[in-house]
Amino acid sequence: MAIVSRMGAKSLMKFRCVSKIWSSIIRSRGFIDSFFSMSSKQSPRFIVALANGVCNEPEAKLTFFFSFGESCSSSSLVPNLEMAIPVGLSSIRESFASLHGFLTVGVHGGLMVCNPSTEQVIKLHSSTRFVGYDPIEGQHKALFVESRVSRSSVHQDHKVLTLGGGSWRHIEGTPGPYRPISVGVCVNGVIYYGARNSPHFRNPVMVCFDVRTEKLSFIQAHETLLRWGKDSIFIDYNGKLASIVRYPYDRFNSFDLWILEDPVKHEWSKQHCVFPSSVWDSVWGFEMSFPGTNKDGEIIMAPTSLSPEVGPFYIFYYNVKTQNVRRVRLLGIGDNKEFRRSYGFLKQRDCFVRIAPQHVHSIASL
């Protein structure tokens, strides 16, 4: 057991075929938790998703997942292909996150959940909006939100699904009607997403879904946090919900960082962050994503697409306290012509790029 527990995830998936006893051991909750605990002690990785954004042939749509080891000292990182799924990304703004070893991916036609370690993939119902993880019970759950509007009222249906087993369950006792308008983020077992409630859907709120208790509630939000609708950004910042507010449709040299300091009292703090305009010299296009933070609390920034020309691809780490920016080059992805040709990105103008930080291996089944 001591030897097997130190094996890689893909090797363990093969070892399940040795016998029924081996399979039951590797699938057991205790072994899965032990394996994840050991993986968590190693340096986390971040996952980069690359997908052709202009491919019109469904059979040619592919999304590739590459992993990079996070490092505070290295100026360049080498990719490792983890897996590919036969669908394209829906847009550069949809969900892409790592949750306790699982990846949630917004694709054409809905939301998919993948485990790169086991190469398992499931597609969720088209009305599934968010996926979260409960660290207490050790469960991943998907949240289904569907609205039906009539002349006199708005009826909302909420369901929850525990991944790895079970069926969809209705959630009772939800707050009044609301309209979701942003991508969600899971922070310490709570899924947060921006919405508007009240009879005319004008009041800005954060909807909170407790993954363990399966209860929904509202937190009052400042109007500025939801000003850009689907382009609003929410991240896990040092274990707290945070929002990054910037002008999303052009280059910018600063942003406001809003942090939810007290969920009970609905109290937020605000900090103005400035970074050098020279950052844009290394970026193709005008749009940058903010996928989250690394283990040191630095905010990660990355271009949302590859340059049409072969050249270096960088991601940036922003230190809020010092307001310093460092850049790290991801080798192979943008600057290697053979790489682009092999994965079908050489002649395409639009290639979406998304990043999920702090990913660790897991052998849990979907």
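A pocket is taken here, on a 1 Å grid over the protein atoms alone, as an open set of points where a 1.4 Å probe fits, with protein on both sides within 12 Å along at least five of seven lines; lining residues have an atom within 4 Å of a point. Grid points are joined across faces, edges and corners, and a volume is the space filled by probe spheres set on the points. The model is predicted: local features need pLDDT of at least 70 and side-chain atom pairs count only at pLDDT 80 or more, whereas totals for chains, interfaces and linings use all residues. Residues are numbered from 1 along each chain as its sequence is written, and side-chain values use heavy atoms, with hydrogens and water left out.

**View 1. The second largest pocket and its lining.** The second largest pocket holds about 410 Å³ of space. Its lining comprises 18 residues, of which Arg-29, Ile-32, Gly-138, Ala-364 and Ser-365 are the closest to the centre. At least two lining residues come from each of α3 (29-41) and β10 (139-149), and α3 gives the largest share, four residues. Helices (H or I, at least four residues) and strands (E, at least two) are DSSP runs, numbered from the N terminus. By class, six nonpolar, nine polar and three charged residues line the second largest pocket. In this classification Ala, Val, Leu, Ile, Met, Phe, Trp, Tyr, Cys and Pro are nonpolar, Asp, Glu, Lys and Arg are charged, and the others, Gly among them, are polar.

**View 2. A nonpolar patch on the surface.** Val-18, Ile-21 and Trp-22 together form this patch, with about 300 Å² of accessible area. Patch members have over 30% relative accessible area and no salt bridge; like charges are joined within 9 Å and nonpolar side chains (Val, Leu, Ile, Met, Phe, Trp, Tyr) within 5 Å. Accessible areas come from the Shrake-Rupley method with a 1.4 Å probe, and for residues only the protein chains shown count as cover. Ile-21 belongs to helix α2 (residues 20-27) and is exposed, with a relative accessible area of 60%. Buried means under 20% relative accessible area, exposed over 50%, and partly exposed in between (1.4 Å probe, protein chains only).

**View 3. The salt bridge between Glu-119 and Lys-10.** The structure holds ten salt bridges, each defined as a side-chain nitrogen of Lys or Arg within 4 Å of a carboxyl oxygen of Asp or Glu. In one of them, the side chains of Glu-119 and Lys-10 meet at 3.3 Å, N to O. Glu-119 lies in the loop between β7 (110-115) and β8 (120-123) and Lys-10 in helix α1 (residues 9-15), so this pair ties together parts that are 109 residues apart in sequence. Lys-10 is partly exposed, at 37% relative accessible area.

**View 4. The salt bridge between Glu-214 and Arg-169.** The closest N and O atoms of Glu-214 and Arg-169 are 2.5 Å apart in this salt bridge. Because Glu-214 is in the loop between β16 (203-210) and β17 (215-220) and Arg-169 in strand β12 (residues 169-170), the pair ties together parts 45 residues apart in sequence. Glu-214 counts as buried at 18% relative accessibility, whereas Arg-169, at 31%, counts as partly exposed.

View 5. The side chains of Arg-326 and Glu-298 meet with an N to O distance of 2.9 Å. Arg-326 is in strand β25 and Glu-298 in the loop between β22 (288-293) and β23 (299-303), so parts 28 residues apart in sequence are tied together. Glu-298 is buried, with 10% relative accessibility. Elsewhere, salt bridges that share partners join Lys-141, Arg-169 and Glu-214 into one network.

**View 6. Two residues with positive phi.** His-100, although not a glycine, has a positive phi of about 50 degrees. His-100 sits in the loop between β5 (96-99) and β6 (102-107) and is partly exposed at 27% relative accessibility. For Gln-323, also a residue other than glycine, phi is positive and near 60 degrees. Gln-323 occupies the loop between β24 (314-319) and β25 (324-330) and, at 29% relative accessibility, counts as partly exposed.

View 7. Val-183 is placed in the loop between β13 (178-180) and β14 (185-187) and is partly exposed at 23% relative accessibility.
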